[in-house]
Amino acid sequence: MKSILYSLLAAVVMILAVACDDTSSIGNSLADETVTIVVDSNFTVTGSTKLNNVVQSRTLSQLIGALDAKGYGSIKSDFVGQFMPSLQMDTVSIEPESLDSVKMFMYMQKGNFVGDSLVPMGIEVFQLTRDLPYPIYSDFDPEGYYDPQNKLASAVYTASVRNEPDSIAELSGIYTSMHLPVSLGKQLYNSYLENPTDFANPEIFAKKVFKGVYIRTSYGGGRITDFNPTSIRYYYHKEVWNEDSARYETKRYVGDYFAITPEVVVNNNIRYEVAPELKQMVAEGASIIAAPAGYEVEMRFPAPEIISSYKKYSDRLSVINSLIMTLPVEEIENDYEIAPPPYVLMILKSKKDEFFSKNQLTDGLVSFYAEYDATNKRYAFTGMRAYLLDLLSREEVKPEDYEFILTPVQVNLESQSSSSYYQQGSMVESSIVPYVSKPAMVKFLFDQAKIKLTFSAGNKNNL
């Protein structure tokens, strides 16, 4: 076992000598204590690949398209989504005859796709006719939840701004728009006039007014696109009397009244067929994550060995300083630059389902997350000190206490304002959801994993 020992005795002795003239046995016993920092990194991590082909989306990402990527596999996705209604609609200017058009806008931030940006693809929109189930998962089949003969809208889109005017090309994203039936716009507006309280709660709105939409690819392939957000906009006008000109003038208005937001149900219906190359790597023992709805990794964390090492060198005065695990990875070759997931969640196997079903955040006891370090090609899990302290407080440590799952996630952060005038606000996690934004994959190199346990130890004979 490799250990690096750093003595802090001299500083302690000097402080005690200056601070007290008492030469009793108590003072001498304190001065005789040796404080040592022990760093132990001789631990082994093991893991294996497990299927993770059904996930809860719980995300604003609306994934649509089809892609066949060598080295990754083939994936298809469409989605269903409900809408958050506006609490207030313009009841002064909007009248049934003043509504000119209703449009749905789907926004794609530049680069939020995998595949060919230039290939034209078709999408079509249908109104849901049944309440969506809850919870809902990535293997959801929308058949029976919409009328395929009653299409609301359709469009053709690309993921490129080539040949677009500068005013469009310089924007941070691309909008795909399509006309919805004006009759639908009038129906929603009349529902608001009849009972505006139905618009105050998205669940009531989805159940009583508008159940949502199903959006699918009508033709084309070679690209998976992540849209976010999707909204419905009203265009209307009103004839207004102008005193100066002594005549009526037409004023035109625009109102965004419905949108897919975090408060409503959105689900990506994903069909992913893993590439033969990946299947072969798994068969040979490789530990691989493939997302969305593909593979995750089951990992044995060497908690018993770490506890044994700590107890060997520690005593009642010992203090654990840190426990850090670094997992090197290998990016998997493919023909669409499919990269590792941006974040990986490390959670006890027995706690994974509860974590996602209850929208939990990491606690440093049973769950942790790490961001991908593209420069060093690794995930580093820090802040594991509380986890080890909790294990040390138990009479018995069982396998379920150190059998973990590594699964791809999206960590959403928000700014937290500081109460201090001199401190800036920090970014804190607001939600952690399964990663379904775009294809991702990575191979873990557990034989190169590093675990560092650092703690201070008293004067032990075997140090």
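Author: A salt bridge here is a side-chain nitrogen of Lys or Arg within 4 Å of a carboxyl oxygen of Asp or Glu. The model is predicted. In it, Glu124, Lys151 and Arg216 are linked in a network of salt bridges.

Reader: How many salt bridges does the structure hold?

Author: Side chains of opposite charge can pair when their charged atoms come close. The count of salt bridges in this structure is 17.

Reader: How many residues apart are lysine 207 and aspartate 131?

Author: Lysine 207 forms a salt bridge with aspartate 131, with the closest N and O atoms 2.9 Å apart. Lysine 207 sits in helix 5, and aspartate 131 in the loop between strand 9 and strand 10. The pair links distant parts of the chain, 76 residues apart.

Reader: Is aspartate 198 buried or exposed?

Author: Aspartate 198 forms a salt bridge with lysine 208, the closest N and O atoms being 3.3 Å apart. Lysine 208 is exposed, at 53% relative accessible area. Buried means under 20%. Aspartate 198 has 9% relative accessibility, so it counts as buried.

Reader: Which residues form the negative surface patch?

Author: One member, glutamate 403, lies in strand 23. Glutamate 403 is partly exposed, at 31% relative accessibility. The patch is formed by Glu395, Glu396, Glu400 and Glu403.

Key
Residues numbered from 1 in each chain as written. Predicted model: local features only at pLDDT ≥ 70, side-chain atom pairs only at ≥ 80, totals over all residues. Heavy atoms only, no water. Patch = residues over 30% accessible without salt bridge, like charges linked within 9 Å, V, L, I, M, F, W, Y side chains within 5 Å. Areas by Shrake-Rupley, 256 points an atom, 1.4 Å probe, with all protein chains shown as cover. Lys, Arg positive; Asp, Glu negative; His and termini not counted. Charge placed at Lys NZ, Arg CZ, Asp CG, Glu CD. Helix = DSSP H or I, 4+ residues; strand = E, 2+ residues; numbered from the N terminus. Buried < 20%, exposed > 50% of the residue type's maximum accessible area, 1.4 Å probe, protein only.
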